[in-house]
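Subject: Structure handover

Hello,

The structure is below, followed by notes on what was found in it. Please read the two together.

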Amino acid sequence: MEFSLLGPIAVTTGSGELSLGPAKRRSVLALLLLQPNTTVPLEQLIDSLWEGEPPEHARTVVQGHVSRLRATLAAGGAETYGIELATHGSAYLLRLPEQLIDAHRFSELVALARPEAAPADAVPLLREALGLWRGPALTGTVTSPPFAAAAHALEERRLTAVEALARAHSALGEHEQAAAILYSAAVNHPLREGLIAALMRALFRTGRQSDALEWFHRTRRLLNEELGVDPGERLREAYEEILRAEAAGRGRKAAPAGGSSFHVKHGQEKPPSADAAGAAPADATTTGTGSGAGRTGTAPRLLPRPPARFLGREGQLGALTDALTDRTTGESPLAVVAGPAGAGKTACAVQWAHLHAGAFPDGQLFADLRGFGEGDEAAPAEILRDFLLALGTPPERVPGSAQAASALFRSLVADRRLLVVLDNARSSAQVRPLLPGGPHCATVVTSRSRLDGLVATDCARPVSVQALGHEEGAALLGAMLGPERVAEDPAAAEELVALCDGLPLALRAAAAQLTARPRWKLARLAAALRDERRRLALLSAEDTGIAAALRMSVARLSADDARLLSALATSADGHLNASVAAALAGYDPERTQDGLERLAEMHLVDEEATDVYTISTLTQLFARDERGERGEGDEGRGGKSGQGEGAEGGAG
């Protein structure tokens, strides 16, 4: 007879699984198994089974469940295994050999494993221990706080075992296995910093530096958005360690002519030395000719992975090439990729950066400025610290002030061929301290705002990214779903593109719905999306969706502008001029005109021609929903933070 807590509550004998009955009966058994060979008071059972006030007959109910459990165990031959469910006054005692409980065997196996001292022995022990799990602990019990706490404690023990197994594989040099083990746990526990730090190190040791750094930035965003905190020491140390180790590795490879390569091991390689000003190592090799020369000793590669299923955007990619390879001015070229939420600005910038990485042999830097994220936007000092560490500056030589760090950054990259990608900027002021000054550097900034200030002060070249046309949108659906599925009903595909306003983020969410439902025809989803009350909800996929992206754009508006947008949403066809807008909002013409210009700058409305404005259908639906939630007389909700452009990263 075996008792299972690590998954659904179960009792198994040689002839099969015993029928345990309803959730409360299973919960009584689980509580007794969590405290084997210990008397459990009746009052504790009652308090655990009912979250609120228990019913008057609670004692009778528990006594009945205990009686039925006793009969079930007896029918399964409990006495043969030395198992007895006894009553002691107003308490119960489940006597049994503890090795019959899977949670007890799990703890014994984990305790025997020594991942650092004897990793070869630890691997099979830990794999056997983790193999005892058949799902979330205590499945099938009631959802009261005591059981939730007990399940959480068991899950913590499982995660500790997962981390120990990964350490054992790493000690054996099996870094791919370590990364694979940690990956699924990290997906399910994205805020567990120690787990993410271990995954980052494992990924780096397999040569997947980009993936390792992407996990750091993703976790940092989640911590900021959900908890309002910055990464802790363990996560930060892993990030800085990877940046320094990568810089050291490139320096070692480049320094001696024809020198041999080496493998960076955690704790064995030291970062390159730097002079008092934090400059690059003296032994870094210089390549190139003339003023375009750059150092290859510390060449960071911080770009995210290329966007999946990227297609089209030839015009925007060409405009970026023209803007960022123009050397006629002798200045550091700068481009601003701007457009509405969900249009795929990040994807366009990252795709161009990967295509032209070879033109910047001294490195590519990337930072999410979190201008439209749930939490606070990234401070320039924070981004500059990351950049300086990536360029090989020892941590103790990174200046504390943003002004000094900015000066050091410009000094380090003055003669390098370096690409800087600044994603999701909120304002020009946030961007300026992060701009390199060297004529051989180039910078791409993405934002939902036009960032006219950068155009005025730094001669930034604007590159507009707007919605996809019908053909491009259908091609994106084909890339996501397979061309055959789209070819079955091209009219439905065209309708889907229209219902998604041609926004790649919305189209990708629609494709996710269809991927999860392989039997659905495109026409079925199109029919569902015609219901304006459901459209925004359907165009979401977990933490990614057009409603979330729009919410964070609107949250950056002033109260007056948010109320104006809400008024515009009542327009019958989404086309209007300043006079109509003023009438809808109840504003005077001058106030309305200023508000329309600010909304156009944020790409929440589009100025098609002089005094001709349009608002997209999805923006209208969102603004109407917000209006309904607030009540029509409420003020707009300006000043709140919002979701970053990362929500649309890779979106067409």
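Asp-611 sits in the loop between strands β17 (606-609) and β18 (612-614); helices (H or I, at least four residues) and strands (E, at least two) are DSSP runs, numbered from the N terminus. Asp-611 is not a glycine, yet its phi is positive, about 60°. Its relative accessibility of 31% makes it partly exposed (buried is under 20% relative accessible area, exposed over 50%, partly exposed in between; 1.4 Å probe, protein chains only).

This is a predicted model, in which local features need pLDDT of at least 70 and side-chain atom pairs count only at pLDDT 80 or more, while totals for chains, interfaces and linings use all residues. Residues are numbered from 1 along each chain as its sequence is written, and side-chain values use heavy atoms, with hydrogens and water left out.

Asp-501, also not a glycine, has a positive phi of about 55°. Asp-501 lies in the loop between α19 (490-499) and α20 (504-516) and is buried, at 19% relative accessible area.

Helix α20 packs against α17 (residues 470-481) at an angle of about 35°, the axes being 10 Å apart (axes are lines fitted to C-alpha atoms, for helices over the stretch in contact; angles run from 0 to 180 degrees between N-to-C directions). The contact (heavy atoms within 4.5 Å) includes Leu-476 and Met-480 of α17 and Leu-507 and Arg-508 of α20.

On cysteines: Cys-500 is buried at 0%, whereas Cys-459 is exposed at 52%. The structure has 0 disulfides (pairs of cysteine sulfur atoms within 2.5 Å).

Regards
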